[in-house]
Amino acid sequence: MQYIDFYGHKLSKLIVGDNPYNGHSYIPEWVDGNEMRLHYTEERILADIKQMEELGINTMLPLADPFIIRVLQHYRAAGGKMNFIFQTYGPMMDVPKVTTRLMMSVDPIGIYLSGTYVDVRFETGRSQEIFDMREKLLEFAPNVKIGLGTHRPDVIRTAEDEGWNFDFYMACLYNGRRGREGEESGFITGKTKSDLYFLPSDRAVMLEALKDVKSPIIAFKLFAGGQMLVGKSDEERRSLIRDVYNTVFTSLKPDDLAVMGIFQKYRDQLTENVSIFEEWAEEQK
């Protein structure tokens, strides 16, 4: 595993996201959100974290959902050292003091405004709410780095041009907002992702928007929410995953990061993804 510096913290270059742990599926024809939620008990989440540590991954991006935070509190109480960078949770954003207090109970190194929260406000002319929420998070978590999440390249460009002053970007490689402008997160609406398909051409557009960004970048949806891997053979999967690493990491800055989502019920995606990354990284030396 490779490691980079993130504001004085040593982070694994490949980190783990949260969607499967919370039943947020982009491939419902293979596994739907309910199956993900039922699978991921506290015991299974903690088992995944242990395996991450064994593979050299030392950073996660958990959702600030009360269940997830309770799991992480138990993990911390048992001496766990994983770095956490929280995604804000839409249903609790109206009470930032309460949700921030919960996040701070497990000592995160970062918090970012979720991409849908940011994008909805950008799309509806309410960008001031983004800045106001950033200030509230800083008030209740003054020593934590605050990031901006988005699925839209134009948000990145606007934030850079206007100096929005976030510490890092969470940048989705696929624009999931197409046809959903102004629509809140599925965590709020209850709407599934059954009609959401990512366009392969999106990735190049986002990487182009990121090329001159000086702040740290965490790229997510590496594998299009799993869509690019559905129905592929083992050999095809490995080739596609390697190509993604090569395209993304050669486009980003050396100290930027990338996120993988994992669902361990049917195959050990964690070991698969890390082993391919390490093979690719060795070839770059």
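**Ground rules.** I number residues from 1 along each chain as its sequence is written, and my side-chain values use heavy atoms, with hydrogens and water left out. As the model is predicted, I take local features only at pLDDT of at least 70 and side-chain atom pairs only at pLDDT 80 or more, while totals for chains, interfaces and linings use all residues.

**Core.** I started with the largest nonpolar core, and it has 90 residues. By nonpolar core I mean a set of buried Ala, Val, Leu, Ile, Met, Phe, Trp, Tyr and Cys residues joined through side-chain atoms within 4.5 Å. Buried is under 20% relative accessible area, exposed is over 50%, and partly exposed is in between (1.4 Å probe, protein chains only). Met52 and Tyr245 have the most contacts inside this core. Helix H11 (residues 269–283) gives the most to the core, with 6 residues. My helices (H or I, at least four residues) and strands (E, at least two) are DSSP runs, numbered from the N terminus.

I then looked up what Met52 touches, with contact meaning heavy atoms within 4.5 Å. Leaving out neighbours within four places in sequence, I get Val16, Tyr21, Ile57, Met60, Met82, Ile262 and Leu270.

**H10 on H11.** Next I took helix H10 (residues 234–251), whose axis comes within 10 Å of the H11 axis and crosses at roughly 55 degrees. That angle makes H10 oblique to H11. My axes are lines fitted to C-alpha atoms, for helices over the stretch in contact, and angles run from 0 to 180 degrees between N-to-C directions. Under 35 degrees I call roughly parallel, over 145 roughly antiparallel, 65 to 115 roughly perpendicular, and the rest oblique.

Who meets whom here? On the H10 side I list Arg237, Arg238, Ile241, Arg242, Tyr245, Asn246, Phe249 and Thr250. They meet Gln269, Glu272, Asn273, Ser275, Ile276, Phe277, Glu279, Trp280 and Glu283 in H11. By class, I have 6 nonpolar, 5 polar and 6 charged residues in this contact. For classes, Ala, Val, Leu, Ile, Met, Phe, Trp, Tyr, Cys and Pro are nonpolar, Asp, Glu, Lys and Arg are charged, and the others, Gly among them, are polar.

**H5 on H7.** The axes of helix H5 (residues 115–123) and helix H7 (residues 153–162) come within 11 Å and cross at roughly 75 degrees, so I log H5 as roughly perpendicular to H7. Val118, Asp119 and Phe122 of H5 make the contact with Asp154, Val155 and Thr158 of H7. I class these as 3 nonpolar, 1 polar and 2 charged residues.

**Positive phi.** Tyr7 is not a glycine, yet I find a positive phi of about 50 degrees. Tyr7 sits in the loop between strand E1 (3–6) and strand E2 (9–12), and at 37% relative accessibility I count Tyr7 as partly exposed. Lys221, also no glycine, has a positive phi of about 60 degrees. I place Lys221 in the loop between strand E9 (217–220) and H10. Is Lys221 buried or exposed? At 10% relative accessibility, Lys221 counts as buried.

**Asn19.** I looked here next, as Lys221 turns up among the contacts of Asn19, together with His24 and Tyr26, not counting residues up to four places away in sequence. Asn19 lies in the loop between strand E3 (14–16) and helix H1 (33–39), and 16% relative accessibility makes Asn19 buried.

**Pro108.** My last stop was the loop between helix H4 (96–104) and strand E6 (110–113), where Pro108 lies. Pro108 is buried, at 5% relative accessibility. Beyond neighbours within four places in sequence, I find Pro108 in contact with Phe84, Phe86, Met103 and Val144.
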